[in-house]
Structure formats: C-alpha cells, structure tokens
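Here are my notes for a first look at this model. Keep the viewer open while you read.

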Amino acid sequence: MFGNRRLTRGWLIAALIITLLAGIVPATVCAAPPATSASPQHVVLTWEGDPRTTQTIAWQTSAPDTGGRVQYAEVTLARAFPETAATAEARAELLPAAGGSMVVHWATLTGLKPGTHYLYRVGDGFGWSEPRSFTTAADRITGFKFLVFGDTQSDRYDLWREVLRQAFAANRDAAFLTVVGDLVEAGQDYDQWDAWFDAAREVIAVIPVMPLTGNHETYTPLWGERSMPTLFTAQFRLPANGPDGLKGQVYSFDYGNVHFVMLDSQAREEARFVPDMLERQKAWLEKDLAASDKLWKVVFFHKPPYHSKTARSNDDVRTAFVPIIDRYRADIVFNGHEHVYARTFPLREGAVATGPAEGTVYVTTGRGGAKAHGDMHANDWHAVYYNPRNEPNYLVATVTDSRLSVAVFTLGGDLIDSWQIEKGR
Ligand SMILES: [Fe+2]
C-alpha cells in the first residue's frame, strides 16, 4: 500500500536507527506506535443510493488529505486487479481525533449492474488497499437476509468482534447488517470509533452496514455534555433523504420487497440543537411510509416504546412514532437501549392485536457488545423475554415474498427465539 509513502517511511526508519545508534534519542521514543496511519483504514460499505446500482465506500487516512479514489471492476478469474477497472474520485471530510486529525474519504459508485460481484480497492492513486469485493442487489429478489445487532457500546470491543464474526460466518449470504444505536460508549470520542471499526473491519468492508444512532452517539468525552452525532454521520455515509437537520441519521431505503426506516429517538439529548426533532420526524415518517408500496415495512429506532425497564418508558418516542407506525401497519420495529432481547405480541394502539396483520411486533434487540443490564423485567406486552447476561446475541432476519422470519442466537450458537410473519399479496 502507498508505495511512495513506504519509501518515505523507510528513509525515516533508517534515520531513526542511525540516530539511536548514535545514542542521541532514548529507545522508548521509538517504541511508541504511531497514533494514526497514512494507509487506508476503517474501510466501510454503506448505501447512499439504490442497492441495485450503487455502492458507497468510505475509508480513513491520517491528515493531510492527499486525495482519495476507488478502483472497481466486475470480478473475474484473473489473479491481478483488472487493468480495465473504473475509477471514482472520492470526497473528503476532516475528523477531529486524539493525536491529530483524520480524513474520511467516501465515494458512491453509480451505474453498477444489479446482482453482480465487484472487486474494489481504495487509495490515493499511488498506492492501494487490499482488494475486496461486494455484490449489488439483484433486480428481482426472491429472498434475502439481514443481520441485526443490539448495542455494541463497550469499554472493550473484542466481544463485538466475536459476535459479528460468528454471525457473518454462519450467514455469509447476508445482504447487509445494522446496529440499533449505541455503537460506542461516547460517540464524539474518535478513539472509541477506532476500536469499533477495527473490530468490525473483516465484515463491513464486504457487506454494507446501515446503522442508526443511540443516545451514546451524542455523548462527548466530557461526560454529561451532548452533541449532535457528527462523528457518526461523518463516518457512515447514509441516504440523505431524511428531514432537514437530521439528514444522514434519519433515513429510509429499500432492499428487495422491504422498506427500511431508521429514526432518531434522542429528543432529549439533541433538544438543544434540533428542538422540534420529533415533530420533524413525524411529518417525514408519515410521508415516507405513505409513499412506500413495498410488501414489508420495517422500522428501527433506539429507545423502545414498549420497554423492559420500569423507570424508563420513553413516552416521548411512543407518543410521536407509535400512532404513525400503527396507521401504516409497520410489520416490525427493532429497538435497542435496554440490552435485553424482548419481543412483543403484535400491538396496535398499545393493546394486543388479533394477529400480525393487525399490529406491529416490537423487538428489543439485545446486546452486541460487552455491556449487560440487570434491572430489567418482562412486561405484559412481551411474548418472549430474554436477558443475555452471559454473552452477546444477534438476530438473523430472512425475507421472502410471503414470509419474514427472525431467528435469534447467542454468541455461543444457542437459539433464543425463532418466529415469523406470513403475508400474501
Ligand atoms: Fe441507549
């Protein structure tokens, strides 16, 4: 990678060795690893546009920005990276990071063929990352899988690495994954994202991640201070079709016959910046769901309106979002925040509905990281309740023309829950 820089670095290392031999610089100075890297890191796939014909790719380098570009080509049997590869120029944004700024580069490849394997690499035109591949969504999808992870926030990200690796190893055909908010403990602390991306790197460079924000994405390193989740929106390049002031963190997209909607439940944390954020989302959600003709409608937001913690009922979110979800009969709502796995009966207007066709199933996803909570309990609306105190868990959702099924596993592979909704056109 980055042959010209390797040469420069080689000269620097040689100079340092000579200096050390001369006894001028103490050895401890050289033992410290570099805080940042000039090589592409944190390569991540998302979609800003149509999953059938576009692919968004982001990565990071240390500042200054020396330009970024993506080379891509259809996968062939050739061993070398294809000479016929197309090039897309990247845009860039500077990120504040401890020990120096980082640069986020991103490019959206357009005009891709549906249902096609592509090889890609990222770089600055002089050196390139290792080639990786992605697959565009087919024009006519008969079935697909997506993976859902609960809060991954941790003081250690090894369990996030393990559960993601395990889920992907068992579901290499998954189209994409998502995390239901609280990806990191303090979302405005770059170091935590550094650890999160490193833990996820084997998977998120191969299938897209379409995450949403939680309350912890608004936390700054100065505990108690809140911010808009600007590190989240800078690092994940997501559809910009949300309401004004919330673009990139509130969005919707279609994959196959499913309409996915990602909302932001952090009214309290973001009140200083967007005081009417729930009102803006209500108006946008109403229009967004009304405009969709997809068979399945799946909604995500972080704080559960049907909760497990007595002293935390999230009434503001419930009042804002649930009547619209009821009106448009969303099939499933995935939430996070509580680190338990809890599935409700189909609900409508707060009461148990006669069946899934008449209501919405609310799923609190569990945990994708090290953090577990003890002060939770099942409520009357819960059909299944499980607190993953011992190990993280993950969800596998499988969609066909007439069925949406969900299976929930522990990291160790035990089945926690399995259920499905049937539907005909
Ligand atoms: Fe949370």
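1. First, the ground rules. This is a predicted model, where local features need pLDDT of at least 70, side-chain atom pairs count only at pLDDT 80 or more, and totals for chains, interfaces and linings use all residues. Residues are numbered from 1 along each chain as its sequence is written, and side-chain values use heavy atoms, with hydrogens and water left out.

2. The protein chain has seven helices and 22 strands (DSSP runs numbered from the N terminus: H or I of at least four residues for helices, E of at least two for strands). With a radius of gyration of 22 Å, close to the 22 Å from the globule rule for 425 residues, the chain is as compact as a globular protein of that length. That radius is taken over C-alpha atoms, and the rule is 2.2 Å times the number of residues to the power 0.38. The C-alpha trace spans about 80 × 50 × 45 Å along its principal axes.

3. How much of the protein chain is buried? Of the 425 residues, 55% are, where buried means under 20% relative accessible area, exposed over 50%, and partly exposed in between (1.4 Å probe, protein chains only). As for contacts (heavy atoms within 4.5 Å), 69% of those with a separation of 6 or more link residues 24 or more positions apart.

4. Now find the open sheet of five strands, ordered β10-β9-β20-β21-β22 with mixed pairing. From one strand to the next the twist averages 15°. Pairing here takes at least two DSSP bridges between two strands.

5. Inside that sheet, β9 (residues 143–149) runs antiparallel to β20 (residues 393–400), with seven bridges between them. To spot the pair, look for Phe144, whose bridge partner in β20 is Val399. Helix α3 (residues 158–170) lies across β9, β10 and β20, at about 170° to β9; axes are lines fitted to C-alpha atoms, for helices over the stretch in contact, and angles run from 0 to 180 degrees between N-to-C directions.

6. Last stop: Glu286, in helix α6 (residues 277–291). Which residues does Glu286 touch beyond its neighbours within four places in sequence? They are Ile324, Arg327 and Tyr328. Ile324 is 38 residues away along the chain, yet its C-alpha atom is 6.3 Å from that of Glu286. The side chains of Glu286 and Arg327 make a polar contact of 2.7 Å (N or O atoms within 3.5 Å; within protein, one must be able to donate a hydrogen and the other to accept it, and residues adjacent in sequence count only if both atoms are side-chain atoms). Glu286 is partly exposed, because its relative accessible area is 25%.
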